[in-house]
Amino acid sequence: MKIYSNDNYEHMSICAADILCEAIRPNCVLGLATGSTPVGMYSELIRRYEAGKLDFRNVTTVNLDEYVGLRPSNEQSYRHFMNEHLFDRINIDKERTFVPDGSSDPELECKKYNDLLSSLTIDVQVLGIGHNGHIGFNEPSDEFSKLTHAVRLSPSTIKANSRFFASPSDVPISAITMGIGQIFAAKRILLLVSGKEKAEIVERALFGPITPKVPASVLQLHGDLVVVGDEAALSRI
Ligand code: F6R
């Protein structure tokens, strides 16, 4: 495991963009995440694209997850988030950007996503981490999931994500997420962590027991795990 500690969020976003850019070349496959943590890195990628330093023409992306019940056009959907924070602002072919469709039948959508993921190899998978150690929407559980599946969100995740909705009761209660096995199959994992409130879970995930009760702890076993954080999130390690 490599850990890059940066003095603030801006510097960690630049550091994360540097690492992701190593993989950006024609026909690469990037695994992407939503949430607050990667937003600064996406802004940095846009800045480099606008400066003529990056070309996304033949890049494919696969996102980790999506809320069940939200149409891609819904402002709270992860498809909308990705369009707004990255895809609409770079020269990527939208046909090559994949986010599960939350408005489709979840079972069919999971099957479709599993077929897609089995047809490609992710070069770098970007991850954030939930306060309960979730990655994607793989919540603490009795076993590590292998494939894309529908999950019921935990109360703590609903609470944390309610900041993006008018009220907690508007947060969808379930989601479709890539399985831990599919995340783990990426050649490289780029885990982004920011903020003091993540310090405890970051310590448990990276140095505590490997257990599905802390889904991110499985990343300790990955052969190419790169952690990029700010000092606050890394303060306990
Ligand atoms: C998002 C995702 C989640 C987030 C996690 C952290 O696609 O899969 O696992 O990465 O909830 O979210 P933030 O970055 O908002 O703290």
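**Notes on the predicted model**

1. Cys-15 touches Tyr-4, Asn-6 and Val-228, leaving aside residues up to four places away in sequence (contact: heavy atoms within 4.5 Å). This is a predicted model, where local features need pLDDT of at least 70 and side-chain atom pairs count only at pLDDT 80 or more, while totals for chains, interfaces and linings use all residues. Numbering runs from 1 along each chain as its sequence is written, and side-chain values use heavy atoms, with hydrogens and water left out.

2. Staying with Cys-15: this residue sits in helix α1 (residues 9-21) and is buried, at 12% relative accessible area. (Buried is under 20%, exposed over 50%, partly exposed in between, with a 1.4 Å probe and protein chains only.) Its C-alpha is 8.3 Å from that of Met-41, 26 residues apart along the chain.

3. Now the overall fold. The protein chain has seven helices and ten strands (DSSP runs numbered from the N terminus: H or I of at least four residues, E of at least two). With a radius of gyration of 16 Å, close to the 18 Å that the globule rule gives for 237 residues, the chain is as compact as a globular protein of that length (C-alpha atoms; the rule is 2.2 Å times the number of residues to the power 0.38). Its C-alpha trace spans about 45 × 40 × 35 Å along the principal axes. Buried residues are 55% of the 237. Of the contacts between residues at least 6 apart in sequence, 79% join residues at least 24 apart.

4. On to the charges: twelve salt bridges turn up in a search of the whole structure (Lys or Arg side-chain nitrogen within 4 Å of an Asp or Glu carboxyl oxygen). One of them pairs Arg-48 with Asp-18, closest N and O atoms 2.7 Å apart. That pair links distant parts of the chain, helix α2 (residues 39-50) for Arg-48 and helix α1 for Asp-18, 30 residues apart. Arg-48 is buried at 12%, whereas Asp-18 is partly exposed at 39%.

5. What about Asp-224? Its side chain meets Arg-188 in a salt bridge of 3.0 Å, N to O. Asp-224 is in the loop between α7 (199-207) and β10, and Arg-188 in strand β9 (residues 188-193), so the pair ties together parts 36 residues apart in sequence. Asp-224 is partly exposed, at 25%; Arg-188 is buried, at 17%.

6. A local pair for contrast: Lys-111 and Asp-115 form a salt bridge with closest N and O atoms 3.0 Å apart. They are four residues apart in helix α4 (residues 106-118), so about one helical turn separates them. Asp-115 counts as partly exposed at 42%.

7. Which side chain does Asn-161 join through a polar contact? The partner is Tyr-67, at 3.0 Å. Asn-161 is in helix α5 (residues 155-161) and is buried, at 11%. Beyond four places in sequence, Asn-161 touches Tyr-67, Tyr-78, Phe-137 and Val-171.

8. Two loop serines are worth a look. Ser-154, in the loop between β7 (149-152) and α5, is buried at 17%, and touches Asn-132 and Glu-139, not counting residues up to four places away in sequence. Ser-73, in the loop between β4 (65-67) and α3 (78-85), counts as exposed at 59%. Its C-alpha is 21 Å from that of Pro-38, 35 residues apart along the chain.

Methods:
A polar contact is a pair of N or O atoms within 3.5 Å; within protein, one must be able to donate a hydrogen and the other to accept it, and residues adjacent in sequence count only if both atoms are side-chain atoms.
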